[in-house]
Amino acid sequence: MPVEPPRSPWAFPAPDSTESDLVAVGADLEPGTLLAAYRRGLFPMAVDDLPGQMAWWSPVDRGVLPLDGLRVSRSLRQSAAHLEVRVDTSFAEVLAGCADPSRPGGWIDAEIAAAYTRLHELGWAHSVETWRDGELVGGLYGVAVGGLFAGESMFSRARDASKVALVGLVDLLRDGYADRRLLDTQWQTDHLATLGVVEVDRRVYLKRLERALALPLPAAFAG
């Protein structure tokens, strides 16, 4: 089971205290702070306009993937048939793939990588990986707290490899609590929309989050 870290000395404001996606600036990336943020509906992402400070976000329109709304095309099913999905066998390499500086819009720096590595070591951050012939070709990582899985980033080195990891994640979350589990994608992008990601109002998200946090972890992430 995950190890609860020391409590954070920081207090985050209520996400609905602002009409902006950006809710707070500052604090730190200690495990207790990160978990406090996710439990409050926030996540960290640095921005160039605030050098040296961490920004904390809670989008007004939150991206979520309903577990019964995943869209799996015929070509994606064919790709999945040739890839193996694993969990937490190569977290560091998945993180490195997501942090590849050659990727457009990259935001995962050494500080972020170290923070999520600590969360992984405590049992809170997880990787879902796709492998082909013994080689890691894609995956995603995120944070699991109760019935919440907060997706952080994904990468692919082969066709559909990250999408297959997402399909694998949804399968892991489909258990007896699936109707109350919450798969958070932060924002909805055009790419994620093709897979079934929708937007929900922040107030709706926070209510769903409260219910999800009371659930047990999925078996795959419970240790």
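Predicted model: local features only at pLDDT ≥ 70, side-chain atom pairs only at ≥ 80, totals over all residues.
Helices (H or I, at least four residues) and strands (E, at least two) are DSSP runs, numbered from the N terminus. Residues are numbered from 1 along each chain as its sequence is written, and side-chain values use heavy atoms, with hydrogens and water left out.

**Stop 1: two aspartates**

Select Asp133, in the loop that joins strand 6 (125-132) and strand 7 (135-145). Its phi is near 55 degrees, a positive value in a residue other than glycine. Most residues other than glycine have a negative phi. Asp133 counts as exposed because its relative accessibility is 80%; the classes are buried (under 20% relative accessible area), exposed (over 50%) and partly exposed (in between), with a 1.4 Å probe and protein chains only.

Next select Asp160, in the loop between strand 8 (148-156) and helix 5 (161-173). Asp160 is not a glycine, yet it has a positive phi of about 65 degrees. Is Asp160 buried or exposed? With a relative accessible area of 12%, Asp160 is buried.

**Stop 2**

Select helix 1 (residues 31-40) together with helix 4 (residues 110-121); they pack at an angle of about 85 degrees, and their axes are 9 Å apart. Here axes are lines fitted to C-alpha atoms, for helices over the stretch in contact, and angles run from 0 to 180 degrees between N-to-C directions. Helix 1 and helix 4 are therefore roughly perpendicular to each other. In this scheme, angles under 35 degrees count as roughly parallel, over 145 as roughly antiparallel, 65 to 115 as roughly perpendicular and the rest as oblique. To display the contact (heavy atoms within 4.5 Å), show Pro31, Leu34, Leu35 and Tyr38 of helix 1 with Ala115, Tyr116, Arg118 and Leu119 of helix 4. These contact residues divide into seven nonpolar, no polar and one charged. Ala, Val, Leu, Ile, Met, Phe, Trp, Tyr, Cys and Pro count as nonpolar, Asp, Glu, Lys and Arg as charged, and the others, Gly among them, as polar.

Tyr38, Arg39 and Arg40 in helix 1 meet Leu206, Leu209 and Leu213 in helix 7. By class, the contact of helix 1 with helix 7 has four nonpolar, no polar and two charged residues.

**Stop 3: a pocket and a cavity**

Select Arg7, Ser8, Gly32, Ala36 and Arg39, which lie nearest the centre of the second largest pocket among its 13 lining residues. About 250 Å³ of space lies in this pocket. Its lining comprises seven nonpolar, two polar and four charged residues.

Now turn to the cavity. The structure holds one cavity of 30 Å³ or more, and the largest cavity has a volume of about 30 Å³. On a 1 Å grid over the protein atoms alone, a cavity is a set of points where a 1.4 Å probe fits but cannot get out, and a pocket is an open set with protein on both sides within 12 Å along at least five of seven lines; lining residues have an atom within 4 Å of a point. Grid points are joined across faces, edges and corners, and a volume is the space filled by probe spheres set on the points. Which residues line the largest cavity? They are Ala144, Gly146, Gly147, Leu148, Phe149, Leu173, Arg181, Pro218 and Phe221, of which six are nonpolar, two polar and one charged.

**Stop 4**

Select Trp10, in the segment before strand 1 (22-25). At 44% relative accessibility, Trp10 counts as partly exposed. Leaving aside neighbours within four places in sequence, Trp10 is in contact with Ala27, Asp28 and Thr33.

Move to Tyr177, in the loop between helix 5 and strand 9. Its C-alpha atom is separated by 7.5 Å from that of Leu215, 38 residues apart along the chain. Beyond four places in sequence, Tyr177 is in contact with Leu215 and Pro216.

Finish at Thr185, in strand 9 (residues 182-186). Thr185 counts as buried, at 17% relative accessibility. Residues up to four places away in sequence aside, Thr185 touches Gly63, Val64, Leu65, Leu192 and Val197.
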